[in-house]
Amino acid sequence: MPAQLSVNLNAVAMLRNRRDLPWPSVTALGRIALQNGAHGLTVHPRPDQRHIRFSDLPELRALIDDEFPQAEFNIEGYPSDEFLDLAEANQPEQVTLVPDDPAQATSDHGWDFEGKGNFLRSVVQRLKKSGTRVSLFCDPDATRAALEAARETGADRVEFYTGPYGGTYDDPVRAKDELAKLEASGRIAAELGLGVNAGHDLTVGNLPGLARVLPNLLEVSIGHGLTADALEYGMAETVRRFVRACG
């Protein structure tokens with residue numbers, strides 16, 4: 001089965017926040033994405049609310065519940081008490097935990113599963129009590145020991161950080177090397193019974209290569225590249241293009 005597409009709305013929210021105006025509407029563009037084949041919506045509410053605002057979350061939850069009940073809401077973030085309270089209040093189908101410092105511009109590395117295992121285990125169990133699927137952000141070259149530690153937390157999935165692969169857009173030799181790392185880690189994850197998601201710097205051009213080496217890929221979360229394309233093609237056609245690229 002092709003990977004499912006979750007549209008990350010952070011870049012849309014960042015554009016909106018440049019002015020104290022209600023457009024572009026995060027909810028309206030989320031609706032267009034779901035109308036045109038996206039399986040879900042992703043947001044990453046950071047403490048400073050520099051893109052997605054906390055007030056966006058109940059609106060997006062209501063959009064899915066009222067109009068697209070088959071779709072999924074994925075909330076990403078560092079598991080602070082504030083973040084966990086937000087997640088529990090808005091009942092996402094999936095929470096993706098990332099090891100970000102609040103000052104980071106974007107997520108750029110996976111968890112140290114062996115060093116943070118006890119911390120993550122308690123967070124994962126708290127989230128799963130409400131029936132939420134939990135995914136953990138993971139380096140693309142994760143070792144078997146790291147992935148075993150990820151599994152021991154009780155998480156359902158890992159999301160491979162594909163930034164290094166995305167950065168090889170002008171270097172096919174390096175792209176091949178990065179795909180080999182993802183293929184090896186993806187194979188181990190499958191052997192351990194972990195579901196596989198992926199995200200960061202994915203495009204219509206590089207998605208097919210990723211899908212080839214990760215036949216067990218369940219979901220991709222895409223924001224920056226998709227939003228950039230939407231400026232050229234419109235959100236509806238862009239989502240259709242990305243869905244086709246997923247396979």
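**Exercise 1. Find which residue in E3 is the bridge partner of Val43.**

Solution. Start with the partner: in E3, Val43 is bridged to Ile75. Strands here are DSSP runs of E with at least two residues, helices are runs of H or I with at least four residues, and both are numbered from the N terminus. E2 and strand E3 (residues 72–77) pair in the parallel sense, over 4 bridges. Two strands count as paired if DSSP finds at least two bridges between them. Strands of a sheet pair through backbone hydrogen bonds, either parallel or antiparallel.

The model is predicted: local features need pLDDT of at least 70, side-chain atom pairs count only at pLDDT 80 or more, and totals for chains, interfaces and linings use all residues. Residues are numbered from 1 along each chain as its sequence is written, and side-chain values use heavy atoms, with hydrogens and water left out.

**Exercise 2. Describe the two faces of E2 and its pairing with E1.**

Solution. Take the faces. Strand E2 (residues 40–43) is covered on both: Gly40 and Thr42 on one side are buried, and so are Leu41 and Val43 on the other. Buried means under 20% relative accessible area, exposed means over 50%, and partly exposed lies in between (1.4 Å probe, protein chains only). Now turn to E1. It pairs with E2 in the parallel sense over 3 bridges. Val7 has Leu41 in E2 as its bridge partner.

**Exercise 3. Place the strands in the whole sheet, then look at E5 and E6.**

Solution. The sheet is a closed barrel of 8 strands, in the order E1-E2-E3-E4-E5-E6-E7-E8, with parallel pairing. On average, neighbouring strands of this sheet are turned by 25° against each other, direction ignored. Strand E5 (residues 133–138) and strand E6 (residues 157–161) run parallel and are joined by 4 bridges. Ser135 stands opposite Arg157 in E6. Axes are lines fitted to C-alpha atoms, for helices over the stretch in contact, and angles run from 0 to 180 degrees between N-to-C directions.

**Exercise 4. Decide whether Val12 and Glu59 are buried, partly exposed or exposed.**

Solution. Val12 lies in helix H1 (residues 10–16). Val12 counts as buried because its relative accessibility is 4%. Leaving aside neighbours within four places in sequence, Val12 is in contact (heavy atoms within 4.5 Å) with Pro24, Ser25, Val26, Leu29, Thr227 and Met235. Glu59 is in helix H3 (residues 56–67). At 46% relative accessibility, Glu59 counts as partly exposed.

**Exercise 5. List the buried residues of H10 and what they pack against.**

Solution. In helix H10 (residues 224–233), the buried residues are Gly225, Leu226, Thr227, Asp229 and Ala230. They pack against strand E1 (4–8), H1, strand E8 (217–222) and helix H11 (235–245). After H10 comes Gly234, with a positive phi near 85°.

**Exercise 6. Describe the lining of the second largest pocket.**

Solution. Begin with the residues. The lining has 14, and the closest to the pocket's centre are Pro45, Arg46, Pro47, Tyr78 and Ser80. Sort the lining by type: 7 nonpolar, 3 polar and 4 charged. Helix H4 (residues 81–90) gives the most, with 3 residues.

Methods:
On a 1 Å grid over the protein atoms alone, a cavity is a set of points where a 1.4 Å probe fits but cannot get out, and a pocket is an open set with protein on both sides within 12 Å along at least five of seven lines; lining residues have an atom within 4 Å of a point. Ala, Val, Leu, Ile, Met, Phe, Trp, Tyr, Cys and Pro count as nonpolar, Asp, Glu, Lys and Arg as charged, and the others, Gly among them, as polar.
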